[in-house]
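The notes follow in the order I took them.

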Amino acid sequence: MSSLTILYIIIAGIIALFLALFLYKHKNNSHKTLNYVFTFLRFITIFSVLLLLINPKFEHVSYYTEKPNLIVAVDNSTSIKYLNQDKNALNFIETLTNNKDLQDKFNIDFHTFGNTVNNSDSIGFSENETNLDNMFNKLSQVYKNTTAPMLLITDGNQTFGNDYQYTSSKYKQPIYPIILGDTITYTDLSIQQLNVNKYAFLKNKFPVECILLYNGNNAVDSRFDVYSEKNLVYSQPINLSKKNNSTVVNFTLPANNVGVYSYKATIVPLEKEKNTINNSKTFAVEVIDQKTNIAIVSDFDHPDLGAFKKSIESNEQHTASIIKPNEAENKINDFQLFILYQPNNSFKKLIEALNTENKNRLVVIGTKTDLNFLNSVSSFYKHEITNQIEDYFLALNSSYAPFIVDDIEFETFPPLKSNFGEVTFSIPFESLLFKKVRNITTNQPLLGTFESNKHREGLLLGENIWQWRAQSFLNSKSFSEFDGFLGKIIQYLASNKRKDRLNLDYESFYNGTNGVIFNAEFFDKNYEFDARETLVIKVKDTISKEEKTFPFILKNNLYQVDLSSLPPSDYSFTVSATNGKISKSGTFKILEYNVEQQFLNANVTKLEQIATNSSGNSYFIANTNSVITDLLKDNRYQFIQKESKNTIPLVDFKYLLFLIAFSLAIEWFLRKYNGLI
């Protein structure tokens, strides 16, 4: 309580006493004793009211002790079961749980990790990937302000994410790896990595690269074979030794027919080889008929041109060429889509030719666009001319109908620079992105599309889209999200297929360890997103003939279903809208591959290194008797006494109100009883 507040209280007491004396000093002297009582009661009342007005604050200090946390992070991936360490891990966890001394010293928190990190002690060793990097990142945030040593129960074999040997330094606590596995070196041949393009083009050959490893002391001979179903399509002898323990096999395979084709690469196992699962790997290629050629037309250089080309060609089905308007005039039939970048009068003949051939296009309007020229050649829209420049942020239109759009953190993208003014359309159009000015979302399109007479056109009202691609990379550490977004726009504009009410987004084949996710959109007859529909997918295994039905769930403005529970095989499917009686069918393939079964040993070196770097210690699961003893004896993990200080205002004291009411009531009763009222 401050000295000023104390002064106010003293003044309040003086005022209360003065007023009480003033009221009863000159009252009837025959009740002199009662007057003293009345003066005291009135003083209590007035002083209490003044205290409430001053409302002094009191500090209440309490002390309590806090136990340190003990984090038990358990590898929940299938590799633990494959290395026959699941029972050892469960027995050790049970020992930790039942140890009373450990419970008394620590708050024990259990976490499991694999694809994701979960706060749970339910362990099934069923996850198909191990991401130690993600686990360290998340738990370092949760426990950054506490004492929280970690028991890391794992084999140390990571299949996804950044190298955890370096990201573990973010966890500013001692780490105690409990190593599941042994250090025995087994003779082993394996396919370390297989690189192949996702698409191949009809009547061409596609390249395949395969990296083979050998772990052993003696020179060995084997054979590398590639099969398409049961047909041998490639074979090569392999010679490896302790000194030359790896080799790279490069070869090509023909693409004779359109469709998805799966292959199995195998290196013949050695005699008594313990792990033969990592001797083979399945891969697939989708053979397509032709590429989509896109022309990027501009009469001046700009970073956007390179961004468009890089992004478009990230999809192997697309090629992009940057050309001048006069060059494009004679190549109208060589391209399926034209990107007209900030057109001016030099585009006149090209646009006339595009109109004659009814070619699809994407028009980019920026600060160097000749709006007078563009308005004169456009039949579908007119841009207001103000001679002012504006920066436009973007807002995603979640109701955009032509195709499925994922939110790739658009709100973080920098603004595009363009001409200030409205665009008026003479035909129906759909906005994919809205203009956003000073945090106000307008109904004006920043990126829109429209269709007319089997002709599709897009309109991007801003330059510097290269900054969007750069920001997307900063957000996700990859260009793939932005390239996928732009790829959908290109694919839609390059095609003349009519708009469908049911749109599906899925891959033609999936790797066995990746999630099998289908996305769908359903629109009503006015092509507005319909969230009331019930979508189901009926999946049939074309080999076993087994059929299963899964419901889609509504996720924002999207329907989604997870088919990751399906085993590797070939599948056909039908997606049906229950109420709309609309359906679509297709096929997909799940490849057989389990990355968690590629390891023979625990990664002891890395686990021991992170223990050393964090001032912890490492233990093998077969020798964990000293783990609990070391934790209990470690003086770094002590109870911490903490102080809790609460500031309580006087107005919160209900008893003061009762005191005021009580003093007034007693005063009134005594005066009434003595006939003074």
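I set the salt-bridge cut-off before searching: a side-chain nitrogen of Lys or Arg within 4 Å of a carboxyl oxygen of Asp or Glu. The model is predicted, so I kept its limits in view: local features need pLDDT of at least 70, side-chain atom pairs count only at pLDDT 80 or more, and totals for chains, interfaces and linings use all residues. Residues are numbered from 1 along each chain as its sequence is written, and side-chain values use heavy atoms, with hydrogens and water left out.

**Entry 1: salt bridges**

I searched the whole structure and found 15 salt bridges. I looked up Lys488 and Asp406, whose side chains meet in a salt bridge at 3.9 Å, N to O. Lys488 sits in helix α13 (residues 480-494) and Asp406 in the loop between β20 and β21, so this pair ties together parts 82 residues apart in sequence. I took helices (H or I, at least four residues) and strands (E, at least two) as DSSP runs, numbered from the N terminus.

I then checked cover. My classes were buried for under 20% relative accessible area, exposed for over 50%, and partly exposed in between (1.4 Å probe, protein chains only). Lys488 is partly exposed at 22%. Asp406 is partly exposed at 35%. I also noted a network of salt bridges that links Asp406, Lys488 and Asp505.

Next I looked up Glu507 and Lys198, which form a salt bridge at 2.2 Å, N to O. The two residues are 309 apart and link distant parts of the chain. Glu507 is in the loop between β26 (502-505) and β27 (509-510), and Lys198 is in the loop between β7 (188-196) and β8 (199-201). Glu507 has 33% relative accessibility, and Lys198 has 28%.

Glu451 and Arg456 gave me a salt bridge at 3.5 Å, N to O. Glu451 is partly exposed at 32%, whereas Arg456 is buried at 5%.

Asp75 is buried, and the nearest side chain of opposite charge, Lys81, is 12 Å away. The side chain of Asp75 does join that of Thr154 in a polar contact of 2.8 Å. For that term I used a pair of N or O atoms within 3.5 Å; within protein, one must be able to donate a hydrogen and the other to accept it, and residues adjacent in sequence count only if both atoms are side-chain atoms.

**Entry 2: patches**

I built patches from residues with over 30% relative accessible area and no salt bridge, joining like charges within 9 Å and nonpolar side chains (Val, Leu, Ile, Met, Phe, Trp, Tyr) within 5 Å.

Asp407, Glu409, Glu411 and Glu481 form a negative surface patch. A nonpolar surface patch of about 860 Å² includes Leu4, Ile11, Phe18 and Leu23. Ile11 lies in helix α1 (residues 3-24) and is partly exposed at 38%.

**Entry 3: positive phi**

I looked up Glu409 again for its backbone. Its phi is near 60°, a positive value in a residue other than glycine. Glu409 lies in the loop between β20 (389-396) and β21 (416-419) and is partly exposed at 34%.

Asn358 also has a positive phi, near 55°. I placed Asn358 in the loop between α10 (348-357) and β18 (361-364), with 29% relative accessibility.

Key:
Accessible areas come from the Shrake-Rupley method with a 1.4 Å probe; for residues, only the protein chains shown count as cover. Lys and Arg count as positive and Asp and Glu as negative; His and the chain ends are not counted. The place of a charge is taken as NZ of Lys, CZ of Arg, CG of Asp or CD of Glu.
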